[in-house]
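Me: I would like to go through this structure with you, asking at each step what a term rests on. Please set each value against its definition before you conclude.

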Number of protein chains: 2
Amino acid sequence: MNMLMRLSSLVLFSSLCLLSRGQDSLIRYVDPFIGTGGHGHTFPGAAVPFGMVQLSPDNGRSGWDWCSGYHYSDSLIAGFSHTHLSGTGIGDWLDISVMPLTAPLADTTQGIKIRFSHDNEYASPGYYRVTMDNGIRAELTATARCGYHRYTYPQGATPTIRLDLAFHLNWDTPTETHVTILNDSTLVGYRYSTGWAHVQRVYFAARTSSAFTKTILNDGHSASDMSDMAETYDKGKGVSAQLIFNEHHGHIIELKVALSSTSYDKALQALNEIPSWDFARTRKSAADQWENELRKVTISTNNDALKRVFYTALYHTAIAPTLYSDADGEYQNAHGDVHTMPGGTSRYTLFSLWDTFRALKPLFTLTQPERYTDMLNSMLAFYDENGLLPVWDLSTWETNTMTGYHAIPVLADAILKEWPGLDAERAYEAMIKSAHQDIRGVPDYIQYGYLPQDKAGGSVTVTLEYAYDDWCIAQVAKKLGKTADHATFMNRAKSYAQLFDPGTGFMRAKNSDGQFVEPFDPFWSEHDFDKAQYIEGNAWQHSFFVPHDVAGLAALYGSNKALGKKLDELFTAPSVMHGENISPDASGFIGQYAHGNEPSHHIAYMYNYIGEPWKTQERVRQIVDSMYHDKPDGYAGNEDAGQMSAWAVWSIGGLYPVNPAAGEYVFGSPSADKTTFSLPNGRQFTISAQNNSDRNIYIQSATLNGKPYENLYIRHQDILEGGELVFKMGPKPNKRFGRNPETWPGGEGNW
Amino acid sequence: MNMLMRLSSLVLFSSLCLLSRGQDSLIRYVDPFIGTGGHGHTFPGAAVPFGMVQLSPDNGRSGWDWCSGYHYSDSLIAGFSHTHLSGTGIGDWLDISVMPLTAPLADTTQGIKIRFSHDNEYASPGYYRVTMDNGIRAELTATARCGYHRYTYPQGATPTIRLDLAFHLNWDTPTETHVTILNDSTLVGYRYSTGWAHVQRVYFAARTSSAFTKTILNDGHSASDMSDMAETYDKGKGVSAQLIFNEHHGHIIELKVALSSTSYDKALQALNEIPSWDFARTRKSAADQWENELRKVTISTNNDALKRVFYTALYHTAIAPTLYSDADGEYQNAHGDVHTMPGGTSRYTLFSLWDTFRALKPLFTLTQPERYTDMLNSMLAFYDENGLLPVWDLSTWETNTMTGYHAIPVLADAILKEWPGLDAERAYEAMIKSAHQDIRGVPDYIQYGYLPQDKAGGSVTVTLEYAYDDWCIAQVAKKLGKTADHATFMNRAKSYAQLFDPGTGFMRAKNSDGQFVEPFDPFWSEHDFDKAQYIEGNAWQHSFFVPHDVAGLAALYGSNKALGKKLDELFTAPSVMHGENISPDASGFIGQYAHGNEPSHHIAYMYNYIGEPWKTQERVRQIVDSMYHDKPDGYAGNEDAGQMSAWAVWSIGGLYPVNPAAGEYVFGSPSADKTTFSLPNGRQFTISAQNNSDRNIYIQSATLNGKPYENLYIRHQDILEGGELVFKMGPKPNKRFGRNPETWPGGEGNW
């Protein structure tokens, strides 16, 4: 896709969204506090969709529940930093912390935490406001690369703004920081740090709406009064700067802070994203961008709580991956190399692939026609720079978090959907490289046909995930006419069967001698990845990850009925874990189904593959109702960079990409009366649930564009055609619907 | 019961137990490490049944999972202290910490932690051994009031023993400590502390097997070398003493430490519980006492894991309450008053009544004929000294932990069972006093007929618990011929009905205006007792506590069937909690049933009251199988001073005291093939499960002493008669068994 095409379709898509503005605003249904309690790990602050800047309050406390800097249970604010991870289970970022003060701090090496109440706090997409107990009101909004602060000081204050480059929490530690004062209202600087991303470099430029009259810089050891405004700098691990303003400047001081991975200069240029000191206008622009996002999938329901859950989820699907490059496509990667994305395209980072390959990335093929090409090409850029596709890219650093090589299903899905702007052969080369890498247990996996537990950890999880990813390669090989590769990888895709134990009905770890690891306890969980046989869970959650071959899995159990029985047991087993070092990630239990973590996400939909769709309908509805709600702890576990939300978006609509690269979406039970996808091609696809209610959760029958529709899934291509899928709902299962095996999903994809 | 009677029945009971010694030892099935992992909070060290001393290793780490001083996940030992709570959710005690060292510590104000491996650790009832990485082997055993340490030092060590009166963790802090060296092998001292028990005084006497040649005392500030052995003392918050021995004394140093609540002198006398330096003999004596305990309830099964679970549970039912008085019955209570229990009887403490009134205390009426009288009278002594019966007595301090006035069901059960040695009229007076106290929300409960949420916290939990306790008073009133009281308290016993919301089918908090508190979310949990409507849980776990009137509860639901449906939902609802401050105590979920905390404990048995006993049989078996196992994390939550274990003892046997004061035990599904109660009257009562297996979990029919038995419960009196209850088990429910409402438990007790 060339630049012109990209622009024209952007215009089309935007105007399409604006056309429907007769309706109420949708952003009012978004509550950015949902996910900031419990273990959701989202942040409440201001960002634009997929922006580089997430300007949000930090409590200044370390701990698992502060991975995003903020947890709803807290009552202190330590500052407002410019980068925040959304929903992750590891904490990092929180770069360039800014705190408004009523007076300069005497001890310039230490920050200060100010108490606040949720009663004095408000957030909506692209906007955050809090009045702290010291009387300062802070308002935040953002553009893609620029944070915009508006501080209103109380009477009698000496307006002061403190930038703290030493501010850090959890895994993150600054390694080198720098501030230069360019003039009486402009600073530049950088913050290098190490943490989850071992190397991270953030350059910034900051400008104030009024001239400061005094500055106090501190290198972490001693303070210096800089009253002459000459160009100065201070180097060290803990640089902070206090900017002090005359009171007569009034009680409002505004501040813009722009970021770049490459240089001061690029950050200074990025300040121009906010051309004038008009906070309201920037806030409105951010809100408009969010409104645009939310218009892409809309629902009808008279249940306002469901609307808040749905639109907040949709909002969270458009936070990550985040923009990494400057406006001209330039970026500095973690190795220190400067590259430029071609043709003004953008580099993205924060690829939480283990989570998001499942439902978020397939959703992007309907909601992010513009940005998705750049995201895909960002993974290929990572491949060019590192020799392998990313597993978990944070600030372009390979964090090697979690298992599998799940860039593959993402690329496969895009290739099979013939995604424009993606070079299929180049992507295929990268995929093949992943499948033959000499790390991450791949040689052992190839040699033994499974990953032996005595060679590396995670035998079951890794084997099943590699097998699925290999199936994805096989499909692409087929499409590209690589027959031999197709056969090889279809064979590898069967690896999961090596670990099935018919005696217990579970997937079990094997050692290199071919024997199952003893003793076996399906409730046992071990969090240490080297020792664990199942990653972040136990045998219950990890025995069903065969999304590409449910029929094959059922054959191992002996029959569809036997697999169905095992799935029933999954949902009714006691919700206990055994072990001395149990993973906290498995949560949100229905029996041993654990919605709070990704390995369970597809399982409720599996009944469709074995002729028991009403059980899917019942369970999906139960999961939507119990695992999501509209309070701060509204997620059942880590939101995980959009995956937990994408599950809700799909499932409330009535669909789910069980096999994310199969080009088909399997039916659940729509919670919304009507769900409309506004497609980039200008068409609309609507899913209606007639006679829908809390009791009428079972699909009685379906029509597509007025004609009877018997399949238990719909093809991606059919959605792109536009039209209407209508479900007739009722209070009792109609076991005739979906009885015919020809209507079941599965097989080698529906392209 | 006079002293003579007590002694004669003790002899009888002991000899009875010894008669059956042809069998294997049972203590080999006890693994004291079960419960030291997960959140069980038990300790692995040495004690005799209900002893004052629990001599056990401490990791020296604070935290919820270190409430007993030790958690299996840890790898450090900081010392061996003499008092340990078993299974509680709050940490205290850990008095008189002793640590063997290979050389005196230079910094005498600080202790030291030594690494160890579980490979070098062993424990059995009354005995604990560890070889630490510094080469010192520590062996521990105990008598009732005396701990016995045996330290084997490695070659080249300067044998040193450090007593640390400053050692403290979690809630506990020493307030005043004291050491006096009496001679070259004897010390006395005390440790006063504040914590969960706000006032606690422990006097001790210590004697070493060899003379020490040097001592270093430290008051927490400075050290002094005491080479002359003169009587010395050191006062302060942090007294420690290092005793240093000549190497030529050999590599083994033994140490006895005895405790008393009253004085040095009594502690010195208690040293005589171990008359000679014969560690093996003391260890054997402790083991024999445990073997005696375990003989009281025995099971037959070919499942060794079940035996380990059962006998370890039975072991844990004989740890608390713990002995508090000296050998002559004297004790000093938390107010500083010295009292003497009459006629050489014993005072006990550590009454975790909210937990143990349910199943542990009723079990004592079968297993503790000797000690139970003293335990009951200890509660009356508490009443005499404090004006109210205890709620949670720790070291005779009223900690006011948890809710209800649950000394009442304990006393009521004993009175109704005509327990010898308990003055019923005196106990009744105390019970009435509790029910009219002017604290703990009782006046509001009386005024409104329920505890309004806007008057005090815990509206639902407290109201339901008071209502049950009031029913217990009514039964005693009836027995004692107090007709008016009977009517009054039967009326109060109906209070639960005030809070039933037919709209949602849950018990809900009401404010004083009579309105339900809004909004309502049955999944909501709040740990703050002042704010919580349900204590340590949510509406699911707390809507069924009506053990005295299940028929009345069913009537509120509209029918037995409707209540049955709600119970089914309880076991299948998603296992999620909502809230910002969720109680960690609710755990061990099957749906919303939470076996890890007490409010759920009776619920699986409730199906018996509504004609669906097969559902009880199915659930009880599932709970036994999933919530207990023979690893360190073998309990699904806090062991809670014997309650979690008592549940297992009853349930593995096939029974449970749903209403602990009804004199009847309701049938579940026996996991053991045979369970034998060796009764204090010399008789045996046996429960046999014929054709029992993992699949044959349903009762098909029953006989009592050879005659068909139709009831779904057995009376306490029938058990005392001795005999045999035989269940015929099968793989499918026999819905005819227990179909007749006349066979159901409930009503006004079965006396």
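Me: What area do chain B and chain A bury between them, and how much of it is on carbon and sulfur atoms?

Reply: This is a predicted model, in which local features need pLDDT of at least 70 and side-chain atom pairs count only at pLDDT 80 or more, while totals for chains, interfaces and linings use all residues. Residues are numbered from 1 along each chain as its sequence is written, chains are lettered from A in the order in which they are written, and side-chain values use heavy atoms, with hydrogens and water left out. Buried area is the accessible area (1.4 Å probe) that two parts lose on being put together, summed over both; by that definition chain B and chain A bury about 1700 Å², 55% of it on carbon and sulfur atoms.

Me: Which elements of chain B supply at least two residues each to the side that touches chain A?

Reply: They are strand E29 (578–581), strand E30 (589–590) and helix H16 (613–627) of chain B, where helices (H or I, at least four residues) and strands (E, at least two) are DSSP runs numbered from the N terminus. With contact meaning heavy atoms within 4.5 Å, 26 residues from chain B and 26 residues from chain A take part.

Me: How many salt bridges does the rule find across the interface of chain B and chain A?

Reply: A salt bridge requires a side-chain nitrogen of Lys or Arg within 4 Å of a carboxyl oxygen of Asp or Glu, and across this interface the rule finds zero.

Me: Why are strand E32 and strand E38 of chain B said to stand at the edges?

Reply: Two strands pair if DSSP finds at least two bridges between them, and the open sheet of three strands has the order E32-E33-E38 in chain B, with antiparallel pairing. Strand E32 (655–656) and strand E38 (713–715) of chain B each have a single partner strand, so one side of each is left without a neighbour in the sheet. Three bridges join strand E33 (residues 664–667) of chain B to E38(B), and in E38(B) the bridge partner of Tyr665(B) is Ile714(B).
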